[in-house]
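Student: I have a two-chain model open on my screen and would like to learn how to read it. Could you walk me through it, one feature at a time?

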Amino acid sequence: MLRVRSVDGSARRSVEKRRPSAIKSSPHKSLFSVTAVLQDMAIKDDVAKLSNGAEITYLDTGAPEGVTNYRTFLFIHGAAHNKCIRESETC
Amino acid sequence: MYQRVRNLLIVDVWEPLLKAIPKGARGISFSQRGFKGSTPLTAEEAGCTVPASKLHQTHVSDFVSFIQFVGETLRVPKRSSDGTGGITTVHWSKGCALAAGLFYFAKGNASYTQLIDNYISSVVLYEAPTSAVFGLSAGDCANNLFYGRLNPPPEDPNFMFAKYVTGFYKNTPEYLSQKGGKQVLEYYRAGALEPEFQSFSAKVYEGEYLQSILHWFLKDKGEDRFEACHEAFREMANSSVKRIGLLWGSEGPPECLEGSWIAEKWLQDEEAKTGEKKVITKEFEGGNHYIQFYDPKGMWDTILELSV
C-alpha cells in the first residue's frame with residue numbers, strides 16, 4: 001500500500017482512503033471504459049516536416065466526413081506527461 | 001485502428017480526448033521538440049546550457065511552423081470572417097507557456113501575427129501553473145522536492161512530479177488574502193496517485209529530459225519572467241482571437257488554481273480597457289490536473305463552452 005505524509009508531517013494516510021470524492025462520484029465513465037467504447041476510432045499517427053527544419057510527430061483524427069468548414073482543436077501537452085513511442089503493439 | 005506510418009505505436013496524453021472527439025470536429029495533438037519521435041533536443045538544450053529564452057523561441061518557432069503545416073498541408077479551415085471557427089489551441093500545464101510565447105514573440109513579427117489572424121479563433125489555457133508558465137518561484141517546499149532534484153537521473157521522477165504537481169505548493173499571501181480559503185498542504189488529492197492514472201502514466205511519461213523540458217521561459221533572468229508573461233497576456237488579450245478560456249480543476253494543484261487566477265486578472269484588466277469581452281473561466285467540478293484522463297466527455301463539453 002502506498003503511503004504518504006502530509007507536508008507538516010502530522011499524519012500518515014493511505015492513498016486509497018483519500019481518493020478525491022468528486023472523482024469517485026463522477027457521473028461520467030472512467031477513462032478506460034470510454035476508450036473501450038471508442039477503440040475503433042481511427043487516429044492517424046504521422047510526422048510533420050516543418051518549414052523551420054524540425055520534425056514533429058502528431059496524432060490526427062482527420063477531417064470529419066461531409067463537412068467542409070469544420071472546427072479544429074489543436075492540443076499542446078505539458079512538461080512531464082506526453083506521448084512516447086513504443087516499438088510493439090503491447091504498449 | 002491505428003495507421004502505422006512508421007510501424008510504431010504512439011501513446012499520447014491526449015489520446016482519450018481524441019477518441020471522444022465530437023462529430024463534425026477535428027482533433028490534432030503533437031509532440032514538442034525533445035519528446036521521443038520529434039526532433040531531439042541538442043546536447044546543449046538537453047543540458048540546459050542554452051538560454052531559457054532561446055529555447056522558448058525555438059519551441060514557439062516549432063509551434064508556429066506546425067500551425068502553418070496544419071493549415072497548408074493538412075488543409076484545416078481558416079477562421080471565418082467573424083473570427084470564429086478555424087483552430088482552437090488547447091494548452092495544458094507547461095504547454096500554456098507556448099501560448100504565452102506565441103503572443104509574446106508575435107509582437108513585431110508580422111508572420112506570427114498573420115498566422116494567428118488567419119487560423120486561431122480561441123485559446124484555452126488549462127491548468128496553467130505559476131512556476132512553469134508565469135515564472136514565479138514555486139516556493140521552498142516545491143523547490144526542494146522537485147526543481148532542486150531534477151539533475152539527471154531524477155530520483156523516481158514520475159512519483160516526484162506527482163507529489164509536486166498535486167499540492168506541494170503554498171499559495172501566496174496575496175492570493176489567500178484576496179481569494180480566501182485554506183492553505184493546501186497535502187499532495188495526494190489531485191489524481192496523480194490514483195492507481196488507474198499511475199497505470200496510464202507509466203505508458204506516457206517522459207522523464208529523461210525533465211529538467212530541459214522545463215527550461216524555457218520568456219526571459220533568462222528569473223526576476224524578469226513574471227512581467228514578461230504579463231506582457232504576453234496583454235498581447236493575447238489585444239490580439240484578434242475571439243475567445244480566451246481559462247480552465248482549472250476544483251481538485252487540481254493549487255499552483256494551477258493560482259495561475260488561472262493571475263491570468264484572469266490580467267486578461268480582465270485588458271477587457272476593461274477595450275470593452276471587448278473575450279475571457280471565459282471554468283472551474284471543472286471534481287476535476288484535477290488530468291481531466292482528459294478522468295472525464296474526456298466532460299472535458300470536451302468544457303472546451304466547446306470555452307471556445308468559438
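**Reading the model together**

Tutor: Let's begin with one residue: Trp266(B) counts as buried, because its relative accessibility is 6% and buried means under 20% relative accessible area (exposed is over 50%, partly exposed in between, with a 1.4 Å probe and protein chains only). Before we go on, this is a predicted model, in which local features need pLDDT of at least 70 and side-chain atom pairs count only at pLDDT 80 or more, while totals for chains, interfaces and linings use all residues. Residues are numbered from 1 along each chain as its sequence is written, chains are lettered from A and ligands numbered from 1 in the order in which they are written, and side-chain values use heavy atoms, with hydrogens and water left out.

Student: Where does Trp266(B) lie, and which residues does Trp266(B) touch?

Tutor: Trp266(B) belongs to helix α12 (residues 254-274) of chain B. Helices (H or I, at least four residues) and strands (E, at least two) are DSSP runs, numbered from the N terminus. Contact means heavy atoms within 4.5 Å. Not counting residues up to four places away in sequence, Trp266(B) touches Phe134(B), Phe226(B), Cys229(B), His230(B) and Phe233(B). With Cys229(B), the separation is 37 residues in sequence and 9.9 Å in space, C-alpha to C-alpha.

Student: How many helices and strands are there in chain A, and how many in chain B?

Tutor: Chain A has two helices and six strands, in the order β-β-α-α-β-β-β-β along the sequence. Chain B has 14 helices and seven strands. As for burial, 45% of the 91 residues of chain A count as buried; for the 308 residues of chain B the figure is 62%.

Student: What share of the contacts joins residues at least 24 apart in chain B?

Tutor: Take contacts between residues at least 6 apart in sequence: in chain B, 78% of them join residues at least 24 apart. In chain A, residues 24 or more positions apart account for 7% of the contacts with a separation of 6 or more.

Student: How do I read a helix with buried residues, and which residues are buried in α5(B)?

Tutor: The general idea is that an α-helix has 3.6 residues a turn, so residues three or four places apart point the same way. In helix α5 (residues 110-119) of chain B, the buried residues are Tyr112(B), Leu115(B), Ile116(B) and Tyr119(B). Viewed down the axis of α5(B), they fall within an arc of 100 degrees, so they line one face of the helix; the arc is that of the directions from the helix axis to the C-beta atoms. These buried residues pack against α3, β4 (87-92), α4 and β5 (120-126) of chain B.

Student: And at what angle do the axes of α3(B) and α4(B) cross?

Tutor: Axes are lines fitted to C-alpha atoms, for helices over the stretch in contact, and angles run from 0 to 180 degrees between N-to-C directions. The axes of helix α3 (residues 52-72) of chain B and helix α4 (residues 96-106) of chain B cross at roughly 90 degrees and come within 9 Å. That makes α3(B) roughly perpendicular to α4(B), on a scale where under 35 degrees is roughly parallel, over 145 roughly antiparallel, 65 to 115 roughly perpendicular and the rest oblique.

Student: How do α4(B) and α5(B) lie to each other?

Tutor: The axes of α4(B) and α5(B) come within 8 Å and cross at roughly 125 degrees, and the two helices are therefore oblique to each other. Here Leu102(B), Phe103(B), Phe105(B) and Ala106(B) of α4(B) meet Tyr112(B), Thr113(B) and Ile116(B) of α5(B).

Student: How many residues are in the largest nonpolar core?

Tutor: In soluble globular proteins, nonpolar side chains tend to be buried together. A nonpolar core is a set of buried Ala, Val, Leu, Ile, Met, Phe, Trp, Tyr and Cys residues joined through side-chain atoms within 4.5 Å. The largest here has 61 residues, and Leu74(A), Phe30(B), Phe66(B), Phe134(B) and Phe233(B) have the most contacts inside it. α4(B) gives the most to this core, with ten residues.
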